[in-house]
Amino acid sequence: MPAFERIVILTGAGLSAESGLGTFRDKDGLWTKYDLAEVATPQGYARNPSLVLDFYNTRRRNALAARPNAAHEALARLERDYPGEVLTVTQNVDGLHEAAGSRSPIHMHGELAKALCLSCDGRHPWLDDISLDTCCPGCSAPGRMRPDVVWFGEMPYHMERIEEALGNCDLFVSIGTSGTVYPAAGFVVSARGAGAHTVELNLEPSDGASLFAERVQGPATQVVPAYVERLLQC
Ligand code: OAD
């Protein structure tokens, strides 16, 4: 019997930082260079769709060029080799969990590699830029495709499944996230409510660090493989 039977892992931008993808709120983070209200809200998209599409086109190209790092690989190994259940929930839209071999991470903030049609609600795998001339491959409507990512003011995906897993887990591990964006920032409270042990692995203490029973500080490529090793030896 493993030490923990059901593990929920939450990941954020810090996990992909050492793959060369910028975080949001660190020094030089994306939100220090772009106005979140202009590029990551439905209202910003309504005001200036080209600006928003360009922002995500650049992010998609960067994500496709990036390689998973040792932390993504360690988490894929945990999913594969741990004798209990492991559910990975990510706020990242970059696809590096899958690139490292994770089977089916839950993308609560969507994926850059998918596009959503505002006319027919169809979702399609998408590796190219999206422009105002792009037609939906499903309904052929022009100019109605947007990246399938969750913007501020929209409901994150798969919340029912995530809340159920948090309510049943006995270990919750939060990795590389600042703990400032809800609902993800509240997952530690749900997990604690279920009696789970809670661990934060982050470069520095996050805003919600005091909510965790255990905290490990350091770069993800070092602390995540070490922590995974510890779990596999439990
Ligand atoms: P943030 O940029 O808010 O936080 C990144 C966290 O990663 C910080 O706490 C850093 O200290 C930590 N970090 C940086 N480099 C690291 C490294 N090498 N190893 C480990 N940790 C490191 O990113 P998120 O918390 O993921 O949402 O942001 C949450 C959401 O806010 C994103 O999904 C996005 C954003 O706005 C939407 O766009 C809807």
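From which domains does the shell around the ligand draw at least three residues each?

Reply: Happy to! This is a predicted model, where local features need pLDDT of at least 70 and side-chain atom pairs count only at pLDDT 80 or more, while totals for chains, interfaces and linings use all residues. Residues are numbered from 1 along each chain as its sequence is written, and side-chain values use heavy atoms, with hydrogens and water left out.

Now to your question: domain 1 (1–20 + 68–109 + 156–234) and domain 2 (22–65 + 111–149) each give at least three residues to the shell, with bounds taken from an automatic or database domain assignment. There are 24 residues around the ligand, and Ala13, Phe24, Arg25, Thr177 and Ser178 come nearest (near means that a heavy atom of the residue lies within 4 Å). By class, the shell has 10 nonpolar, 10 polar and four charged residues; Ala, Val, Leu, Ile, Met, Phe, Trp, Tyr, Cys and Pro count as nonpolar, Asp, Glu, Lys and Arg as charged, and the others, Gly among them, as polar.

Next, the polar contacts (pairs of N or O atoms within 3.5 Å). The side chain of Glu18 places a polar atom 2.9 Å from a ligand nitrogen. An N or O atom in the Trp31 side chain is 2.8 Å from a ligand oxygen, and a polar backbone atom of Gly176 lies 3.3 Å from an oxygen of the ligand. On its own the ligand has 790 Å² of accessible area, and the protein covers 94% of that (Shrake-Rupley method, 1.4 Å probe).

Notes:
Polar contact = N/O pair within 3.5 Å; in protein donor to acceptor, adjacent residues only side chain to side chain.
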